[in-house]
Amino acid sequence: MPLQPKGSTKPPARGAATRAKIRDAANALFIRQGFEATTVDEIVAQAGVAKGTFYAHFDSKEELLLEYVSTRITRAEAQLPLLVAEPNFEAALARVVAISLRGKLWWNRDVARLAIETITARSADYEEVVRGLVKPLVEIGQARGQVRTDIAPEILARFIVRVLLGVVLDWTESGIGGTRDQALDSALVLVMSASRPAPG
């Protein structure tokens, strides 16, 4: 289920193409000049739409960011059957990271930080990531003997999500870990090491 802005009274978009045009224009501006520096006026100019059209689709530029996050999570959830078919937990989790955390918008530290803060500040959205995406993979990994079983699936899923989001957040704030993808690679090594069954 896509994330929805809390308290939003906007009807479903009347024109998916217009909505996508606005979203793409905003993404390009967010990447180029940062989220805070981008104004709604600049977004509508880039998209070639009227300001009223923007507000017919979005309450604010913050809602655009939320929709981007929602889109990436929904895309990953839609691939759950394919993720389950991966030969092992490590491959499935790497694919989740590729779909949901590696992407054009995440190239910009400012926007990545705001997107992660949006997820973590909204408990319902955070729970959707944990329960809808990572927990099923943990459960399957446990059933296959690829993931430790001495920790409940929900707790392990929460740990994995917090590590992945935390590493990217650290990257946005301090630059630790080199590039974003290097930081994610390090996070995957960490969570896989913590998730593997004890030898013997």
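Here are some questions and answers about a few helices in this predicted model.

Q: How many residues does helix α10 have, and what distance does α10 reach from its first C-alpha to its last?
A: Let's start with α10, which covers residues 180-195. At 1.5 Å a residue, a span of 22 Å is expected, and the helix comes close to that. The answer is 16 residues and 22 Å.

Q: Why do the buried residues of α10 count as being on the same side of the helix?
A: The buried residues are Arg180, Ala183, Leu184, Ala187, Leu188, Val191, Met192 and Ser195. They sit on the same side of α10 because the arc they cover around the axis is only 165°.

Q: Which helices do the buried residues of α10 pack against?
A: Among these buried residues are Leu184 and Val191. Their group packs against two partners, α6 (89-100) and α9 (153-174).

Q: At what angle do α6 and α10 pack, and how far apart are their axes?
A: Two packed helices are described by the angle between their axes and the distance between the axes. The crossing of α6 and α10 is right-handed. For this pair, the angle is about 145° and the axes are 11 Å apart.

Q: Is Thr172 buried or exposed?
A: Thr172 lies in helix α9. Leaving aside its neighbours within four places in sequence, Thr172 is in contact with Arg109, Ala112 and Arg113. Its relative accessible area is 11%, and buried means under 20%, so Thr172 is buried.

Q: What distance separates the C-alpha atoms of Arg158 and Val134?
A: Arg158 is found in helix α9 and is partly exposed, with a relative accessible area of 22%. Beyond its neighbours within four places in sequence, Arg158 is in contact with Tyr126, Glu127, Val130 and Arg131. Val134 is 24 residues from Arg158 along the chain, and their C-alpha atoms are separated by 8.2 Å.

Technical notes
Residues are numbered from 1 along each chain as its sequence is written. This is a predicted model: local features need pLDDT of at least 70, side-chain atom pairs count only at pLDDT 80 or more; totals for chains, interfaces and linings use all residues. Side-chain values use heavy atoms; hydrogens and water are left out. Helices (H or I, at least four residues) and strands (E, at least two) are DSSP runs, numbered from the N terminus. The expected span of a helix is 1.5 Å times one less than its number of residues. Buried means under 20% relative accessible area, exposed over 50%, partly exposed in between (1.4 Å probe, protein chains only). The arc is that of the directions from the helix axis to the C-beta atoms. Contact means heavy atoms within 4.5 Å. Axes are lines fitted to C-alpha atoms, for helices over the stretch in contact, and angles run from 0 to 180 degrees between N-to-C directions. A crossing is left-handed if the near helix is turned anticlockwise from the far one by less than a right angle, and right-handed if clockwise.
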